[in-house]
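I opened the model and kept a log of what I looked up. The entries follow in the order I made them.

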Amino acid sequence: LRAEVARRHDLERAAAWREMPAARSLPGRGAPPWGARPPEAVVIGSGTVASRVTIEGAPGEDPDALRLVAGAALLADAPVLVTLGGGIGFTGEPALARAAARAAILQVAEATDPSSCRVAGPTAGWEWLAALPHRASGAGAAVLRVVEADARADGGHAPRTPVGANDRDGEGDLIAIASDVASLPPGLRTVVHVTTPRHALVQVTGAAPRAVAPELLSVAEARSAADRLARVATRAGIASGSPVLPDSVGLGDLLPDPDPTADRSSLAATVGVGFGGPLVIDLVAGPHALVAGTSGSGKSELLVAWIAAMAARHAPDRVAFLLVDFKGGASFEPVRGLPHVTGLVTDLDEDEAARAVESIRAELRHRERVLAAAGVRSIVELPADADLPRLVVVIDEFQAMIERFGELGAVMADVAARGRSLGVHLVLAAQRPNGVVREQVSANCGIRVSLRVLERADSVAVLGVDRAARLDPARPGRALVDAGDARVVEFQSALADREAIARIAARH
């Protein structure tokens, strides 16, 4: 029985450390599992906690049996957690208190998406904090405040701001460091007094003190971890120290010089602003695009801005648009007057569906004849004076169209397969593309954009990551994009107002 209890404890202990790993082990666990909010709790050390192992039956009066039952109820060398809510104070010799605080801070950074959490802290002695990608986040982001309470240059104490009960939902979570408890801000829920590298006393309001072996990280370990997180964030388009994304951006502020390019090899267009500045998407590189976004996410506005941005940079003899709207036709009304727009199709009836199918097929045949007559294989190889603009077919609410007119799905598959060389490109938008877009179509959609979606699976289906399900619903137009380079980048899509669209139309 004693051996079985020990085996069960080993399994339980291993599972506990997998679920809440030690700060020092985090770099070896692969990509950080960034969530939209800071964790509720962090590991401040290892110690004895309550075990889920129980022994059924009465032990009687035998002392060994009584000790075995009591021991089974306790799990040694397990992670000891404390909640962030209400704040955590670390006290003791400064080197030890700071080392314990570093371990807690890095756990928050490893667990929380930099775009939704900001770490604010001191500078002197805490230079490694500046390397964290969590130093710049948008309005409304959660905040982790780090305070060295008795580190005033004049020898006095830092202001002792009380910590309120609602601090987690107000100014943010707090981690404070001081040499003694009296120097900490009052009202902290948890105080960890580190006495030696292997011993600390944890005092949680309303509970008895408990001993733990503290979690400690050196400055070098913290700097290495911060650099690693910064590299991960950079690959995700969130660079350390980068500017905060705006809540809105006008397309008029992003328009290029008035002289549109005559380049036939590109459909590059500035569609918004990312952490690195204006975000450019080239549909030719796709050669098709998939756009996801739930109702109210700003999907239709993004499509309008993208169309207008392409029209601003490319003349009507270089790009034309066929717009299909299954939301009543209002979505594309702002750009309907652009000279690039060759047709606007809304809520098709049976006859119109047949005509649309045949017109697209006829366009493909026409383009094949033009290329054959010129003796070239691709639209890029045509001479500059050839009269064959690229055609961009933009379909909003693609799933509604396919559900009603399934034969259009086969046409889209044909366009997806042959469109690159013929200069025909698809932009397919749907609230939930997963399961709606045929595999042969999605395989050719190298550009993936997702505004906010409701389900993690929808985000993963489009981008390969679940971050689009965690975008702020209060920020329409906030989106993630893989522009064809396998990098998922966050950006704020532009809004095309009537004035900007009128300026674009006037150029042609």
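This is a predicted model: local features need pLDDT of at least 70, side-chain atom pairs count only at pLDDT 80 or more; totals for chains, interfaces and linings use all residues.

**Entry 1: the chain as a whole**

I started with burial: 51% of the 508 residues of the chain count as buried. Buried means under 20% relative accessible area, exposed means over 50%, and partly exposed is in between, with a 1.4 Å probe and protein chains only. Residues are numbered from 1 along each chain as its sequence is written, and side-chain values use heavy atoms, with hydrogens and water left out.

Next I looked up the secondary structure, which comes to 11 helices and 19 strands. Helices (H or I, at least four residues) and strands (E, at least two) are DSSP runs, numbered from the N terminus. I then checked contacts, meaning heavy atoms within 4.5 Å. Among those between residues at least 6 apart in sequence, 71% join residues at least 24 apart.

I traced an open sheet of 10 strands with mixed pairing, in the order 11-10-19-18-17-12-16-15-13-14. Strand 11 (277-282) and strand 14 (341-346) are at the edges; each has a single partner strand, so one side of each lacks a neighbour in the sheet. Neighbouring strands are turned by 25° against each other on average, direction ignored. Two strands pair if DSSP finds at least two bridges between them.

Strand 12 (residues 289-292) and strand 16 (residues 424-430) are parallel, with 4 bridges. Ala292 has Ala430 of strand 16 as its bridge partner.

Then I turned to the helices on the sheet. Helix 8 (residues 407-422) packs there, touching strand 15 and strand 16, and its direction makes about 140° with that of strand 16. Helix 5 (residues 299-313) lies across several strands, including strand 10 (268-274), strand 13 (319-325), strand 15 (390-396) and strand 17 (447-450). Helix 5 runs at about 135° to strand 10. Axes are lines fitted to C-alpha atoms, for helices over the stretch in contact, and angles run from 0 to 180 degrees between N-to-C directions.

Is Lys299 buried or exposed? Lys299 is buried, at a relative accessible area of 5%. Its place is in helix 5. Which side chain does the side chain of Lys299 make a polar contact with? I found Glu397, at 3.1 Å. A polar contact is a pair of N or O atoms within 3.5 Å; within protein, one must be able to donate a hydrogen and the other to accept it, and residues adjacent in sequence count only if both atoms are side-chain atoms. Leaving out residues up to four places away in sequence, Lys299 touches, among others, Ala292, Asp396, Ala430 and Leu451.

Glu397 lies in the loop between strand 15 and helix 7 (398-404). Glu397 counts as buried, at 7% relative accessibility. I also noted its phi, a positive value near 60° in a residue other than glycine.

**Entry 2: other backbone checks**

Asp77 is not a glycine either, and has a positive phi of about 55°. Asp77 is found in strand 2 (residues 74-83) and counts as exposed at 51% relative accessibility. A cis peptide bond joins Gly286 and Pro287, with omega about 0°. Pro287 lies in the loop between strand 11 and strand 12.

**Entry 3: helix 3 against helix 4**

The axes of helix 3 (residues 94-111) and helix 4 (residues 219-235) come within 11 Å and cross at roughly 10°. The two helices are therefore roughly parallel. Angles under 35 degrees count as roughly parallel, over 145 as roughly antiparallel, 65 to 115 as roughly perpendicular and the rest as oblique.

**Entry 4: strands 3, 7 and 8**

Strand 3 (residues 88-92) pairs with strand 7 (residues 190-196) in the parallel sense over 5 bridges. Gly92 has Val194 as its bridge partner in strand 7. Strand 7 and strand 8 (residues 199-204) run antiparallel, joined by 6 bridges. A hairpin connects strand 7 to strand 8 through 2 residues.
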